[in-house]
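Hi there,

Here is the structure I promised to pass on.

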Amino acid sequence: MPALNKTVLTVLAAALLPALTAVPAAALPAAPAAPAASVPLYARADGADTKQPKPPASMSTLGGEKLGLAGTQVNMAAGVPVLPKKLSGRSWIVADAEHGDVLASHNAHWRLPPASTLKMLFADTLLPRMPKTESYKVAPADLQGMGAGSSLVGVKENLTYTVNDLWLGVFLKSGNDAVHVLSAMNGGIDKTVRDMQKHAENLQALDTHVVSPDGYDEKGQVSSAYDLTLFARSGLQKKDFREYAATATAKFPGEKKKGKKRETFEIQNTNRLLTGANGVAQYQGIAGVKNGSTTHAGTTFTGVAERNGKKLLVTVMNPSSTEPHAVYQETARLLDWGFAAVGKVKPVGELVPPKNAVSDAGSPSPTPVSDESAPATAPAEAVATANSGGSSGVGIALAVAGGVLIALAGAVFLVNRRWPLPDLVRRRARP
């Protein structure tokens with residue numbers, strides 16, 4: 001983009017900021033609704049042999065009018081590849097991770113249970129607040145209140161863990177026990193829920209209503225493919241978020257026996273596109289970010305990948321296909337389509353910037369965090385070495401080219417929406 005003088009930047013920022021921060025009347029329904037036990041069904045227009053609940057007649061138009069429409073939205077034209085046929089997700093979105101262009105979508109703003117993909121918002125909200133080397137002894141009360149059948153990493157009361165240990169438990173094993181302990185360190189579950197909701201509102205994730213920090217099924221807890229993609233895009237600006245999301249395997253602290261060194265056990269990331277586990281092929285260029293599964297949410301997933309310098313985000317919510325590991329297979333198909341279509345297809349909408357993307361006209365804004373958060377730590381040098389073995393899956397991480405993430409100038413962000421991400425490179429599994 002050609003250089004603009006300060007006066008022009010100021011005028012552009014002043015003119016565009018109200019339009020970006022204003023919330024359209026249709027953007028936010030009056031109140032979140034609990035997941036319905038039974039809803040009308042309709043046959044997929046693409047001829048798939050699966051059926052889906054009918055989306056709402058009116059959805060948010062934030063990011064573009066087409067994103068508020070039910071069904072698949074894509075601008076087909078000469079040279080644009082046809083969308084994959086085997087897509088059964090109730091909602092999905094394909095977006096350019098850097099420029100924010102939404103290349104295609106399906107019920108993008110449908111408010112649905114998010115499952116553990118909501119942990120992306122949890123991490124994006126809390127990661128900047130706690131030094132990863134800080135240690136904490138778990139109290140019995142910290143592990144109370146978890147839902148029946150919660151995914152666990154194996155945190156035990158009266159044992160000490162570092163913040164780094166707990167985040168590995170959150171990202172790799174989707175451990176609700178780790179989420180509850182980190183929430184306790186943040187002042188409790190209720191405060192953490194309020195912090196997450198406040199951060200979601202700053203990100204303009206207006207489809208999201210937070211009830212539990214771990215994504216466990218709760219009445220009224222909803223998000224959307226659009227919002228989950230916003231959470232991932234914001235989180236990926238943070239070095240620690242990128243590294244945790246891309247870690248394939250790690251060692252987690254176990255029992256501590258008197259007079260002996262504390263035991264450890266290996267944990268593996270449940271993102272099968274990252275690890276290539278359980279019959280799912282590892283996706284070329286994958287770098288995270290989060291999967292989830294609950295009774296009401298079904299399976300959900302947000303993934304980020306790079307190919308030939310292009311970085312794409314895909315979110316898929318609750319596919320109804322009986323295909324094994326359908327959420328991963330449909331994500332992979334949409335990523336393939338996105339890499340073939342990017343630069344050819346006209347976007348159907350955009351990922352809106354956070355409200356605090358511009359602190360004042362022409363001035364850089366800090367990495368978006370909750371107003372109560374401590375400033376994010378500047379990214380350090382990236383780890384960029386291929387795995388030398390000993391891991392059941394090789395993680396491909398987003399790493400920082402040149403050591404420091406480029407700061408965004410507020411007016412430039414307003415003009416072209418670009419949010420630069422570091423290159424995707426291979427990294428080691430954590431020891």
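Let me begin with Lys132, which is partly exposed at 30% relative accessibility (buried means under 20% relative accessible area, exposed over 50%, and partly exposed in between, with a 1.4 Å probe and protein chains only). Before going on: this is a predicted model, in which local features need pLDDT of at least 70, side-chain atom pairs count only at pLDDT 80 or more, and totals for chains, interfaces and linings use all residues. Residues are numbered from 1 along each chain as its sequence is written, and side-chain values use heavy atoms, leaving out hydrogens and water.

Lys132 forms a salt bridge with Asp240, at 3.2 Å from N to O (the rule is a side-chain nitrogen of Lys or Arg within 4 Å of a carboxyl oxygen of Asp or Glu). This pair links distant parts of the chain, 108 residues apart: Lys132 sits in the loop between helix 2 and strand 6, and Asp240 in helix 7 (residues 239-245). Helices (H or I, at least four residues) and strands (E, at least two) are DSSP runs, numbered from the N terminus. Asp240 is partly exposed too, at 24%.

Which residue does the side chain of Asp195 meet in a salt bridge? The partner is Arg129, at 2.7 Å from N to O. Asp195 lies in helix 5 (residues 189-202), 66 residues apart from Arg129. Asp195 counts as buried at 2% relative accessibility, and Arg129 counts as buried at 16%.

Altogether, the rule gives 10 salt bridges.

Best wishes
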